[in-house]
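Hello,

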Amino acid sequence: MTFENLQVDIENRIATVRIDRPKKLNALNRETIEELHQAFKALLSDEDTAVVILTGSGEKAFVAGADISEFSDYSVKEGKDLAAKGQETVFDYISNFPKPVIAAVNGFALGGGLELAMSAHFRVASDNAKLGLPETSLGVIPGYGGTQRLPQLVGKGRAMEMIMTAGMIDATTAKDYGLVNHVTTIEELLPLAHKLAGKILNNSMVAISSAIAAVNDNYKDGVNGFDTEIENFGTSFGTDDFKEGTQAFLNKRKANFK
Ligand code: COA
């Protein structure tokens, strides 16, 4: 896969998607948003990819937000379209991606950058990471899901404070808030993400996809996540992975999922 603003490498069933505009602190311009959509679409059908790690190029930024230079003269309609298209093609797409997506936050994750990290299934961060939603300092509000996903992850009060103050929190605070699961050095960040991906790879990908859908349904209007869980739990019993997993346990051997 070749892109202008992304690097995608696939090794040992783990795809690393690296946003690669370091001179602009990996800010998400229109082209990068489109490329992210294309990359994830391709990874969805790529049989060599089971887990995705999302990170930024360089040691300074994961993503410093949407590209401010592109939308500074947008109209009301253009602003609405920007948010709607981005949410549909990238942020919701990643959040509902049936393969696990881990964000490795390697520096600034601001605005659309934090929203991108929050669309991943979970996050790890380097100790130099700074996270925030500074949109209100620009006279806008978060448009890629930040007003919804931040309160889900850190609670309403903390999210309100972060959005209203437009301030940044450091990696330790982000861990304390539950916004990132682990903090490590910049050198150890990708090895840690790979280690976690490796643990995931031991398990049934069919079951994991099913669990992602059930967990996400808790956050969807008009959908009962408990019902999804019952349905998907039942469906598991008809899968080869269930037979393999249970037989392996009963025969005291390691499961070998296809
Ligand atoms: N959109 C467009 N360009 C951006 C950008 C963004 N969100 N974030 C950084 N850049 C560009 C800068 O304009 C600069 O480009 P230049 O060298 O051509 O002037 C380059 O990236 C480096 O950024 P700079 O501001 O010089 O780095 P810094 O270390 O002084 O500050 C930040 C780092 C992250 C604090 C600062 O870049 C910043 O506040 N960025 C915007 C964050 C934001 O508001 N994001 C939400 C957008 S909705």
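The largest pocket is lined by 27 residues, and Ser95, Arg149, Gln152, Asn216 and Tyr219 are the ones nearest its centre. A pocket here is an open set of points on a 1 Å grid over the protein atoms alone, where a 1.4 Å probe fits, with protein on both sides within 12 Å along at least five of seven lines; lining residues have an atom within 4 Å of a point. Two or more lining residues come from each of helix H3 (76–95), helix H4 (112–119), strand S7 (122–126), helix H5 (146–154) and helix H9 (205–217). Helices (H or I, at least four residues) and strands (E, at least two) are DSSP runs, numbered from the N terminus.

This is a predicted model: local features need pLDDT of at least 70 and side-chain atom pairs pLDDT 80 or more, while totals for chains, interfaces and linings use all residues. Residues are numbered from 1 along each chain as its sequence is written, and side-chain values use heavy atoms, with hydrogens and water left out.

Domain 1 (6–201) and domain 2 (205–250) each contribute at least three residues to the lining of the largest pocket; the bounds come from an automatic or database domain assignment.

The second largest pocket has 22 lining residues, with Ala66, Phe71, Glu135, Val140 and Ile141 nearest its centre. Helix H2 (68–71), H3 and H4 each give at least two of its lining residues, and H3 supplies the most, three.

Regards
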